[in-house]
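Take a moment to look over the sequence and the model before reading on. The paragraphs below go from the whole chain to its parts.

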Amino acid sequence: MSVVERIHSLDLVREKVIAGERLDLDDGIALMECDDILALGDLADTARRLRGGSDDVYFVQNLYLNQTNICRVKCKFCAFARTERQDGAYLYSPAEIVEDALTQHEHTQFTEIHMVGGEAPDVDLSYYVDIVRGLKTALPDVHLKCFTASEIHHMTKLSGLSHEDVLRELQAAGLGSLPGGGAEIFAERVRRLIAPGKEHPDNWFHTHRAAHNLGMPTHCTLLYGHVETYEERVDHLLRLRSLQDETGGFLAFIPLAFHPENTVFERRGWTFSAGTDDLKMIAVSRLLLDNIPNIKAYWIMMGMPMASIALHFGANDVQGTVVREEIFHAAGARTETEQQIDELVRYVGEVGRTPVQRDTLYNELRRFE
Ligand code: SF4
């Protein structure tokens, strides 16, 4: 596409955004192909404000836990998973996880636990239920955001129960919401290449729809920067938008840049995504996902300086304090594994936005004027 055509396309999309019209697949591809990154950012920020966004930027005080890194799936982009016999493989018992969380809570008073892990073959559903029940009993005021849709699907295989029944059991034990992982990218062509052992994307949607129908909110993600095309990214976003139209159950969307270190992709020459691609993903997500209120700039992936710039490209959330992150760091993330609240507040304040500490459900806990 020529430069003139690209500018023309952006003008057409801008007219639709200003008029409050919904963008379609062609608009999304035109946005992805646009190299005028500042114009994209400006348009995304305009869209955010036109849809009711303010200067508030959210973060949550949270703790990341991984119950196990033992996984049967072997996704090619994953540097975190181990087989049972590999060095460094671990599977924590529910009691160990609860003890760890209690110790951490004495130090940081987090309000959310974000926990995901591998699909260990030798556990059963009660392992997961016991973790959730143990954490809820020990820390009743902490919101439990645990287990990807892939893990929920794994639990259906372990137990023979439906996705709905697994979610019901976990909800009864204290599960509050689902994280967005396991979505990767929905295009089957790409899934076959990067995650051939992972279940069909329909299961991801089925799990999230079932959670929403049980009144359990969830999050959604997209893993970009590997072998997918722009069209496949846009298609992924539009599929998320359709489910949100149906249920309204997504709290936030988090674009995740692929980290190649310690994966087969590193050996084949893949490198980290460019900062401009990260900013483009944030902007296009904001523009296309007109019904998902929060777009996260995930500082673990892009670093806090870039995450703060992303706040001018449509993002309104910088995730949280995190405390301990293993999955992206196994794949080469150079960021810290923890942010202090003071630092989050400073970065957000320095780009002219108002830091607001939230709980998982986006209730305001503290405002830093
Ligand atoms: S991404 Fe998840 S499912 Fe895939 S290998 Fe890693 S831990 Fe297992």
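The protein chain contains 16 helices and 10 strands. Its radius of gyration is 20 Å, close to the 21 Å that the globule rule gives for 369 residues, so the chain is as compact as a globular protein of that length. The model is a predicted one. Along the principal axes, the C-alpha trace of the protein chain spans about 60 × 45 × 40 Å. Of the 369 residues, 59% count as buried.

Helix H3 covers residues 37–50, which makes 14 residues. From its first C-alpha to its last, H3 reaches 20 Å, close to the 20 Å expected at 1.5 Å a residue. The buried residues of H3 include Ile 37, Leu 40, Leu 43 and Ala 44, and also Asp 45 and Arg 48. Just after H3 comes Gly 52, which takes a positive phi of about 100°.

Next, the ligand. Which residues are around it? They are Cys 71, Val 73, Lys 74, Cys 75, Phe 77, Cys 78, Ala 81, Gly 118 and Lys 198. Sorted by class, this shell has 6 nonpolar residues, 1 polar residue and 2 charged residues. Cysteines Cys 71, Cys 75 and Cys 78 are among the residues around the ligand. Is Cys 75 buried or exposed? Cys 75 has a relative accessible area of 13%, and because buried means under 20%, Cys 75 is buried. Cys 78 has a relative accessible area of 27%, so Cys 78 falls in the partly exposed class.

Cysteines raise a further point. A disulfide is a covalent bond between the sulfur atoms of two cysteines. How many disulfides are there when the rule is a pair of cysteine sulfur atoms within 2.5 Å? The count comes to 0 disulfides.

The 3 strands stand in the order E5-E6-E7, and the pairing is parallel. Strand E5 (218–224) and strand E7 (294–295) are the edge strands, each pairing on one side only. Strand E6, residues 250–257, pairs with E7 in the parallel sense over 2 bridges. For Ala 252, the bridge partner in E7 is Asn 294.

Helix H12 comes into the picture here. H12 runs over residues 275–288 and has 14 residues. Its reach from first C-alpha to last is 20 Å, close to the 20 Å expected at 1.5 Å a residue. In H12, 12 of the 14 residues are buried, so the helix is largely enclosed by the rest of the structure. Among the buried residues of H12 are Leu 279, Met 281, Ile 282 and Val 284, as well as Asp 277, Lys 280 and Arg 286.

The loop between H12 and E7 holds Pro 293. At 48% relative accessibility, Pro 293 counts as partly exposed. Pro 293 and Ala 252 are 41 residues apart in sequence, yet they lie 6.4 Å apart in space, C-alpha to C-alpha.

A second pairing ends the tour. Strand E9 (residues 354–358) and strand E10 (residues 364–367) run antiparallel and are joined by 3 bridges. Gln 357 has Arg 366 as its bridge partner in E10. Together E9 and E10 form a hairpin, with 5 residues between them. In the turn, Tyr 362 has a positive phi of about 70°.

Methods. Residues are numbered from 1 along each chain as its sequence is written. This is a predicted model: local features need pLDDT of at least 70, side-chain atom pairs count only at pLDDT 80 or more; totals for chains, interfaces and linings use all residues. Side-chain values use heavy atoms; hydrogens and water are left out. A residue is near a molecule or strand if one of its heavy atoms lies within 4 Å of it. Ala, Val, Leu, Ile, Met, Phe, Trp, Tyr, Cys and Pro count as nonpolar, Asp, Glu, Lys and Arg as charged, and the others, Gly among them, as polar. A disulfide is a pair of cysteine sulfur atoms within 2.5 Å. Buried means under 20% relative accessible area, exposed over 50%, partly exposed in between (1.4 Å probe, protein chains only). Helices (H or I, at least four residues) and strands (E, at least two) are DSSP runs, numbered from the N terminus. The expected span of a helix is 1.5 Å times one less than its number of residues. Two strands pair if DSSP finds at least two bridges between them. The radius of gyration is taken over C-alpha atoms; the globule rule is 2.2 Å times the number of residues to the power 0.38.
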